[in-house]
Amino acid sequence: MKMLNFMLICMLSLLAMPPAHAADVPVIPLQVRENLRIVYQVTDDLTHEGVNKGLFYARKLINTYEGQGIAADQVHLHLVYHGTGINAVVNASARTRLKADKAENPNGEILAELVKRGVQIELCENTMQQKGVTPGELMPGVKLVVGAFPRLVDLQLQGYAYIKFE
């Protein structure tokens, strides 16, 4: 009986210990903590957890930096939408005409949150014109850029890190 109790105590103490590998793997800290410049190119309206993938990961990036103690005014994030990505940043009437999966735009809340947090949401004017969308059909806070590719080049030449979402 004593042996059984001893074995039980040993097994329970092993279960309470954190995995050895977790303590052995260092987490690489962020080196750049100010004037962070990032641009996302969003070419499609793919969703993740019910919202546009670019918007989802923009929020996640901002939250990660915030969690690392990096001030919001040090993060300069632009999302440049074009192609079928337009569906993520237009209202219900435009989404219906563009044959989006759902008429109602599921991104309204996250768009408003990101704009409030200083994220620049930009749409290619050429895409807007090609798709027959008017400026009045854009979601609040969405800005127009003369063209997605010239804007992406411009931002990269200003030192922005480039991430593409499809």
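## Counting the salt bridges

How many salt bridges does the count come to? The answer is seven. Keep in mind that you're looking at a predicted model. A pair makes the list when a side-chain nitrogen of Lys or Arg sits within 4 Å of a carboxyl oxygen of Asp or Glu.

## Glu113 and its partners

Let's start with Glu113, whose side chain meets that of Arg59 in a salt bridge, at 2.8 Å from N to O. Glu113 belongs to helix α5 (residues 108-116) and Arg59 to helix α3 (residues 53-67), so this pair ties together parts that are 54 residues apart in sequence.

Glu113 also has a salt bridge with Arg117, and here the closest N and O atoms are 2.9 Å apart.

Next, take a look at helix α7 (residues 148-157), which holds both Asp154 and Arg151. These two form a salt bridge, with 3.7 Å between the closest N and O atoms. That value passes because the cut-off is 4 Å.

Where do the two residues sit along the helix? They are three residues apart, which is about one turn of the helix.

Definitions and conventions: Residues are numbered from 1 along each chain as its sequence is written. This is a predicted model: local features need pLDDT of at least 70, side-chain atom pairs count only at pLDDT 80 or more; totals for chains, interfaces and linings use all residues. Side-chain values use heavy atoms; hydrogens and water are left out. Helices (H or I, at least four residues) and strands (E, at least two) are DSSP runs, numbered from the N terminus.
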